[in-house]
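Trainee: I would like to learn how to read a structure that I have never seen before. Could we go through it slowly, feature by feature?

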Amino acid sequence: MILGLRTRNVAWLGVAVVILLALPLVVRNSFAINIFIRILLFAFIGVAWNLMGGYAKQLSLGHAAYFGLGAYTSTLLQIDFGISPWIGMFAGGVVAMLASLPIGALCFRLRGPYFAIATIATAQVLMLIFLKFRDFAWGAEGTTIPNLGNAPLMMQFDAKAAYYYIALGLLALGLAITYLIERSWMGYYLVAIGEDEDAAEAIGVNAPRVKRDIYMISSFLTALAGTFYVQFIYFIDPNIAFNFSVSIEAALVSIVGGIGTLWGPVIGTVLLETTSALLQRWLGSSFVGVQLTVYSLILMAVILWRPTGLIGVLTDACARITRRAPARV
Amino acid sequence: MAEALVIRNLSKRFGGLRAVQDVSFSVNENETVALIGPNGAGKTTSFNLITGFHRPDEGSVVAFGREIVGLRPHDICAYGLARTFQVARPFGRMTVLDNVMTGAFLRDKNPDTAREKAREAIEFVGLSAREKTPARDLTTIDQRRLEMARALATQPRLLLLDEVMAGLNPSEIDQAVALVGKLSTRGLTIVIVEHVMRAIMSVARHIVVLDHGQKIAEGSPKEVVANEDVIRAYLGSSYAHVPVLDET
């Protein structure tokens, strides 16, 4: 037993890690590597979202706010002060954490759909601020990140694989944090708040404080993804940094995969990103927009068929297989 | 005997409705007090005022020598007042054990210790066989048991039980009565809201009767069932002749 993991699970995890580490060495196709990076990145954002949106069921549709704050903080630090994005990444995380305090204080007054709407507004407001105040951060034109060639200390690499490993590292970090929280008192408190906030308060759960804390953690992680993303595409503007689709994607991958579970967002991202990338490739050129239609149909099917997420399908299948297996001594 | 709970001139209005008007009563330590009255008399509202879910318009609630009006529900629970809800509100997605552990975390953040404390509380209410069952799959009486176990796991000094016997069949009521008695012998102070008169007579030594938000009577079970106002407002005339069987 390591940290409560069964030996067999550790073995499976080991196999998965080896495969993931070896993947960019085997697959050389840059289209495929790009998809892998997107999957890892959005799985990470989903994991960050899931801490608050999944476990505590505080349905945020404004995580783009923190994605964008992370992206802009590291870019400003890099371009104006020459500070490495590696440091800027964590500075962005701290900025996002601090920003989540007033945003949370306002939005957590609301519950359910009203909370979700309020969070959408916060991300939109930030986007408008960055659009209008040009002197501060390049306004609507945005800026390219200066290309320094292969500069690992500035988070710039010639090899696509390097970005793959960073995204993999981020995802591993997010999963480790989720794993630890899930098993601690905080995990129990989060689920309790998600199930029935009043009943949780009645047994001594300080719901406002727990929600504030998990929002800070979730925002911090989301900001790391923002920094990574702009370093990966070498460009930033308000529309990319605070794009509503980031907020949607974060929620969607978790909901499709299974909210409030460790692996839910990962499973959801693998399914959705792969589907959307492949549909784009197969159908994108023949009929414009047809890939989006198919994508939406798949989404509806999943949500109608498995409202609790695909992870349920997998665990049921596992249970069936283990039940059929002979009893171990 | 020391006073565990002193309520003075408690009032709460919802719009034009006076849900609780100028209610005062007190509860001694290690005593079981019942709060009775017809539907809408203000019993549950009183609970909500005491436990911080509503803020009273007027009045004071002093628990173990400290004013608790204005504290948040979780602070009041941490101070030692735990409540159950009229309609059981388990965390459906969690197992029985996880539900109760969530309560136990209030006193100890270590999962192993919390699990141990939770198991004690679960055993106390007689739910050990259902430990791994998701809370949403429990029967009504087991959900009530779970609520009690979860409240007990917070290690309260005073327990407020809101209609724990509603919807139970006669044999289940006997079990619930036994459980409340067991809690009382453990040294807990209990305030219980209940409609089942048979149960109240056997668990409470002191009864407070509310009607239309006001206290209309107070006293021993014997005094209360003989009180004209109580009979008119709540019990119905047949109760006037029922002898009190169980006077403990």
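**Reading a sheet, a helix and a contact**

Mentor: Let us begin with a pair of strands: β7(B) and strand β8 (residues 189-193) of chain B pair in the parallel sense over five bridges, where strands (E, at least two residues) and helices (H or I, at least four residues) are DSSP runs numbered from the N terminus, and two strands pair if DSSP finds at least two bridges between them. This is a predicted model, in which local features need pLDDT of at least 70 and side-chain atom pairs count only at pLDDT 80 or more, while totals for chains, interfaces and linings use all residues. Residues are numbered from 1 along each chain as its sequence is written, and chains are lettered from A and ligands numbered from 1 in the order in which they are written.

Trainee: Which way do the residues of β7(B) point, and are they buried or exposed?

Mentor: In a regular strand the side chains alternate between the two faces of the sheet. From β7(B), B:Leu158, B:Leu160 and B:Asp162 point one way, whereas B:Leu159 and B:Leu161 point the other way. A residue is buried if 20 or more other C-beta atoms, placed from the backbone, lie within 10 Å of its own, exposed if 12 or fewer do, and partly exposed in between. Five of the five residues of β7 (residues 158-162) of chain B are buried, so this strand is largely enclosed by the rest of the structure.

Trainee: What is the order of the strands in the open sheet of chain B?

Mentor: The six strands follow the order β6-β7-β8-β3-β9-β10, with mixed pairing. Because β6 and β10 (214-219) of chain B stand at the edges with a single partner strand each, one side of each is left without a neighbour in the sheet. From one strand to the next the twist averages 15°, with axes fitted as lines to C-alpha atoms (for helices over the stretch in contact) and angles running from 0 to 180 degrees between N-to-C directions.

Trainee: Where does helix α9 of chain B lie?

Mentor: Helix α9 (residues 228-235) of chain B lies across β3, β9 and β10 of chain B, and runs at about 120° to β10(B). For contacts, two residues count if their C-beta atoms, placed from the backbone, lie within 7 Å.

Trainee: How many residues does each chain give to the contact between chain A and chain B?

Mentor: Chain A gives 17 residues and chain B gives 25 residues. On the side of chain A that touches chain B, α8 (185-195) and α9 (197-202) of chain A each supply at least two residues, and α8(A) gives the most, with six residues.

Trainee: Where does A:Trp49 lie in chain A?

Mentor: A:Trp49 lies in helix α2 (residues 30-55) of chain A, and A:Trp49 is buried, with 32 other C-beta atoms within 10 Å. Leaving aside residues up to four places away in sequence, A:Trp49 touches A:Ser60, A:His63, A:Ser218, A:Ala250, A:Ala251 and A:Ser254.
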